[in-house]
Structure formats: C-alpha cells, structure tokens
Amino acid sequence: TTAVCKNEFASDEDLATIKNLFSSIGLTTEVPENQFAIFTAIAGCSPAYVYMFKDGLARVAKKVA
C-alpha cells in the first residue's frame, strides 16, 4: 500500500499521475498530510506484529505437538 497526498505545489494532474503509477504495483490511497504518521505506523509496524503473532503460535504448536 502506498499513501500519497497533494499539497500546494502539486497539481491535480500530478496527483493523478502519481496515483496511477503506484497503483500499478499495489493499492494507492490518498491520505491527508496530517495523518501520514498514523499511516506510517500502521503500514510499517503491522506486518512485523502479524509475523511475531504467527511465529509465537507456531512455536507453541511445536511444543504442544
């Protein structure tokens, strides 16, 4: 997932071009600039959290089996 935001230096055409470019490799969503830190935390940390959860389940399953 890629987040993009438009500011006063980018035109609507610029935003459309960027969204089109990044949409070719995955989900692209427009996020207000003041919420970018939230997006970064969720997108950056969530995969690691899910991995650790799955790893913990797998380790317990091995011990129990």
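1. Start with the side chain of Thr28. One of its polar atoms lies 3.5 Å from the backbone oxygen of Phe22. The backbone nitrogen of Ser23 lies 3.2 Å from a polar atom of the Thr28 side chain. Keep in mind that this is a predicted model.

2. Where does Thr28 sit? Its place is in strand β2, which covers residues 28-30. Thr28 counts as buried because its relative accessibility is 13%, and the cut-off for buried is under 20%.

3. Now the surroundings. Leaving aside residues up to four places away in sequence, Thr28 touches Thr2, Val4, Lys19, Phe22 and Ser23.

4. Next, the aromatic rings. The count comes to one aromatic pair. Phe36 and Phe39 form it, with 6.4 Å centre to centre and 55 degrees between the planes. The pair is classed as tilted.

5. Why are Phe36 and Phe39 about one helical turn apart? They are three residues apart in helix α2, residues 36-64, so about one helical turn separates them. An α-helix has 3.6 residues a turn, so residues three or four places apart point the same way. Phe36 counts as partly exposed because its relative accessibility is 26%.

6. Helix α2 bends by about 35 degrees at Cys45. A proline, Pro47, follows within four residues.

Note on methods
Residues are numbered from 1 along each chain as its sequence is written. This is a predicted model: local features need pLDDT of at least 70, side-chain atom pairs count only at pLDDT 80 or more; totals for chains, interfaces and linings use all residues. Side-chain values use heavy atoms; hydrogens and water are left out. Helices (H or I, at least four residues) and strands (E, at least two) are DSSP runs, numbered from the N terminus. Buried means under 20% relative accessible area, exposed over 50%, partly exposed in between (1.4 Å probe, protein chains only). A polar contact is a pair of N or O atoms within 3.5 Å; within protein, one must be able to donate a hydrogen and the other to accept it, and residues adjacent in sequence count only if both atoms are side-chain atoms. Contact means heavy atoms within 4.5 Å. Rings of Phe, Tyr and Trp (its six-membered ring) pair if their centres lie within 6.5 Å; planes under 30 degrees apart count as stacked, over 60 as edge-to-face and the rest as tilted. The bend at a residue is the angle between axes fitted to the seven residues ending there and the seven starting there.
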